[in-house]
Amino acid sequence: MALQGVIDALKKTTLEEIGISFSLADILRDIKIEGTDVSLVLFSPSEKYYDFLRKKAEEALKPLGATKIDVEFTDQPPAQRQQTQAPPPPPQENPFENRRRIPKVKKAIAVASGKGGVGKSTVAVNLAAALKSKGYNVGYLDADMYGPSGPTMLGAKDKQVIGKQTPTGDVLVAPESHGIKVMSIGFLLPSEDTPVIWRGPVLFKALNQFLFEIDWGDEELDFLIIDLPPGTGDVQITLGQTAELDGAVIVTTPQDVALIDVKKGIQMFKEVEIPVLGIVENMSYFVCPDNNKIYEIFGKSKTEEIAKQYGTKLLGKIPIEPKVAEFSDLGVPIVLAKPDSNSAKAFMQIADNLIKELSK
Ligand SMILES: Nc1ncnc2c1ncn2[C@@H]1O[C@H](COP(=O)(O)OP(=O)(O)OP(=O)(O)O)[C@@H](O)[C@H]1O
């Protein structure tokens, strides 16, 4: 069987049934063809879809004459696999040598912004909700130590956090809201209005606890969305030095001033060796409800151009929709409250694009 024919057949498949807008060819990691035997390795961050993806591969390849179709799965992008095979660098030359993976989390994604108020937390909670509604097991960690707003947006503000003793030490059990496991420094503060001043060692300890001493439940998380504070400060650096993250998403608005900060953000993630998966442009445009006309309130966007210039991608654009803010205040992300809204659809598409970037 010809390799190109097999790849073309995989390209024609659609995975829409599980809410994914790309094909088996996009998640193909390895392929071997011997006569009519085909072995594939596919990227999938969740075991839930193994049977579905196997069936899809069989449906695509049997008509070509394939008699044996073996499908294996990986949740590692190729670059990471190469990294793990490479000889480790001398310890003293690697500032990230103590980095650890977050326990029981397959993909840890940071959501960041160069400046405050661009809708970073809104994007983080809706991204978590979009991945949840696609069937993944999702956690949300509010690491915005200076202004934790995630629990309110997820309707988890009044949830109780309980401690649990384990053979390896004490952990905090993440409560659940809308099926998403949630943890936030906000749960541990006496009131939402309490300003917290974090000094170096205390910040380091608190962040470590939030990264490594949380019980996310019996089932491993497919995705952990980490909502960072705005800017490029201590939390980001500490995070980069302590946890091995799979990538970062940068949220911006289309104004030039916000975009200047995006560049700083990309630079910072490069320095702490966290791959930037892409940029989300929030409050991009307004769709007039009377005539569906689109207004680019902040002018023509340059985000795509900047993304290209810095070797990353625009993952998607979210419109300004008053309902986004209204439902956030009520504790229900728009993706769950109004799945047919323009912004909810945009968030679902961004979740797809994110999975696609992770599979590269
Ligand atoms: N697309 C949108 N349409 C309408 N309102 C939005 C949209 N995105 C965010 N908002 C609203 O804008 C305000 C700021 O959003 P959010 O708190 O998510 O920003 P942030 O970048 O996380 O802020 P900070 O970094 O200061 O915590 C909120 O009231 C939110 O509901």
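This is a predicted model: local features need pLDDT of at least 70, side-chain atom pairs count only at pLDDT 80 or more; totals for chains, interfaces and linings use all residues.
**Entry 1: the annotated domain**

I began with the UniProt record. An unreviewed entry there places the feature "domain: MIP18 family-like" at residues 5–66. I then looked up the make-up of that stretch. Over residues 5–66 the chain is 31% helix and 23% strand.

**Entry 2**

Next I traced an open sheet with the strand order S1-S2-S3. Its pairing is mixed. I noted a general point here: strands of a sheet pair through backbone hydrogen bonds, either parallel or antiparallel.

Which strands are at the edges? I found S1 (28–34) and S3 there, each pairing on one side only. From one strand to the next, the twist averages 10°.

I took the pairs in turn. S1 and S2 are antiparallel, with 6 bridges. I picked out Glu34, whose bridge partner in S2 is Asp37. S2 (residues 37–43) and S3 (residues 68–74) run parallel, joined by 7 bridges. In this pair I saw Phe43 opposite Thr74 of S3.

How does the chain get from S2 to S3? I followed it through helix H2 (residues 50–61). This β-α-β crossover is right-handed. H2 lies across S2 and S3, and I noted an angle of about 145° between H2 and S3.

**Entry 3: the sheet of 8 strands**

I moved on to another open sheet. I wrote down its order as S8-S9-S5-S11-S4-S12-S13-S16, again with mixed pairing. Why do S8 (176–177) and S16 (314–317) count as edges? Each has a single partner strand, so one side of each has no neighbour in the sheet.

S5 (residues 138–142) and S9 (residues 180–184) run parallel, with 4 bridges between them. One of the bridges links Asp142 to Ser184 in S9.

I also found a helix packed on this sheet: H12 (residues 342–358). H12 touches S4 (105–113), S12 (247–252), S13 (276–281) and S16. The direction of H12 makes about 175° with that of S16.

**Entry 4: around the ligand**

Last, I looked at the ligand. I listed 21 residues around the ligand. Which come nearest? They are Gly116, Gly119, Ser121, Thr122 and Ala325. Two helices, H4 (120–133) and H10 (322–330), each supply at least two residues of the shell. I sorted the shell by class and got 7 nonpolar, 11 polar and 3 charged residues.

Conventions:
Residues are numbered from 1 along each chain as its sequence is written. UniProt positions are given in the numbering used here, feature names are shortened, and annotations may be inferred rather than shown by experiment. Two strands pair if DSSP finds at least two bridges between them. A crossover is right-handed if, with the strands pointing away from the viewer, the path from the first strand over the helix to the second runs clockwise. A residue is near a molecule or strand if its C-beta atom, placed from the backbone, lies within 6 Å of it. Ala, Val, Leu, Ile, Met, Phe, Trp, Tyr, Cys and Pro count as nonpolar, Asp, Glu, Lys and Arg as charged, and the others, Gly among them, as polar. Axes are lines fitted to C-alpha atoms, for helices over the stretch in contact, and angles run from 0 to 180 degrees between N-to-C directions. Two residues are in contact if their C-beta atoms, placed from the backbone, lie within 7 Å.
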